[in-house]
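Hi,

Here is the structure I said I would pass on.

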Amino acid sequence: MKHVLALAGLIAASACAPQDEVYRSYFNEAGAHVDSSHFGEAVMNNHLVMTGERSYTYDLANRFASEVLSTVNFAFNSAELDTGARDTLREQARWIRQFPEVRFRVYGHTDAVGSDSYNKTLGMRRAQAVVAFLSSQGISRARLEAVASFGETQPLIVTDGRERRNRRTVTEVSGFVQSHPIVMDGKYAQVVYREYINSAVPRSELLMIETSGSTQSEE
């Protein structure tokens, strides 16, 4: 009987050992034994969804990528913007001006020719060139970031040689301007709603036909 009682006591003591999660929960804050180091992420996610920041940022990013060419390309070992790049950036600027509440990031890339350190610097120079041009088109520098260069680490075409499609910058929606009054009020829907109102202009069904002596209209 003594051996049985001793064994039972040993089992009871091991069940209450400090390693046991239930035992430790008595000495920690409530809920500690179910905390997986991600406590609070759900609250933050709910806040972003309920205020609209997450969904509208995602939707605007998709719209920008689908409605405007977000990439411009560069000559080998150059950060100069050619005519095609400037035309593309003017279209980007036109789109960006519609949404004064939105911030953008520009990422620079290179091909695989050259060292990693040189290509990272070159990629950043390309991103900065794009930011400077967009700024010249009336976009506030506070809304534009040349934050990173991926150098040669994210090629579109996997090759060790010169590849123009890899020598590029990519402009992306990154979020909202925190100091803007619409954002501070949480009225993110106005960003999209305003454009819907401005675009609600009925399309004319009249076709103007110029003749040699006069201008006629017909349906």
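Below is what turned up when I went through the model, which is a predicted one.

Let's start with Arg164. You'll find Arg164 in the loop that runs between β3 (144–151) and β4 (168–176). What does it touch, once neighbours within four places in sequence are left aside? Arg164 is in contact with Asn73, Phe74, Ala75 and Asp82. Ala75 is 89 residues away from Arg164 in sequence, yet the two C-alpha atoms are 6.9 Å apart in space. As for Phe74, its backbone oxygen is reached by the Arg164 side chain at 3.3 Å. Arg164 has a relative accessible area of 38%, so it counts as partly exposed, falling between the 20% and 50% cut-offs.

Another arginine worth a click is Arg162: its charged end sits over the ring of Phe76, 3.7 Å from the ring centre.

Most residues other than glycine have a negative phi. Asn77 is not a glycine, but has a positive phi of about 55°. Asn77 is in the loop between β1 (71–73) and α5 (83–97), and is partly exposed at 39% relative accessibility.

Finally, the aromatics. There are five aromatic pairs in the structure. One of them is Trp95 with Phe104, an edge-to-face pair with 6.4 Å between centres and 90° between the planes. Are these two residues buried or exposed? Both Trp95 and Phe104 are buried. Ring pairs also join Phe64, Trp95, Phe99 and Phe104 into a cluster.

Cheers

Definitions and conventions: Residues are numbered from 1 along each chain as its sequence is written. This is a predicted model: local features need pLDDT of at least 70, side-chain atom pairs count only at pLDDT 80 or more; totals for chains, interfaces and linings use all residues. Side-chain values use heavy atoms; hydrogens and water are left out. Helices (H or I, at least four residues) and strands (E, at least two) are DSSP runs, numbered from the N terminus. Buried means under 20% relative accessible area, exposed over 50%, partly exposed in between (1.4 Å probe, protein chains only). Contact means heavy atoms within 4.5 Å. A polar contact is a pair of N or O atoms within 3.5 Å; within protein, one must be able to donate a hydrogen and the other to accept it, and residues adjacent in sequence count only if both atoms are side-chain atoms. Rings of Phe, Tyr and Trp (its six-membered ring) pair if their centres lie within 6.5 Å; planes under 30 degrees apart count as stacked, over 60 as edge-to-face and the rest as tilted. A charge sits over a ring if NZ of Lys or CZ of Arg is within 6 Å of the ring centre and within 35 degrees of the ring normal.
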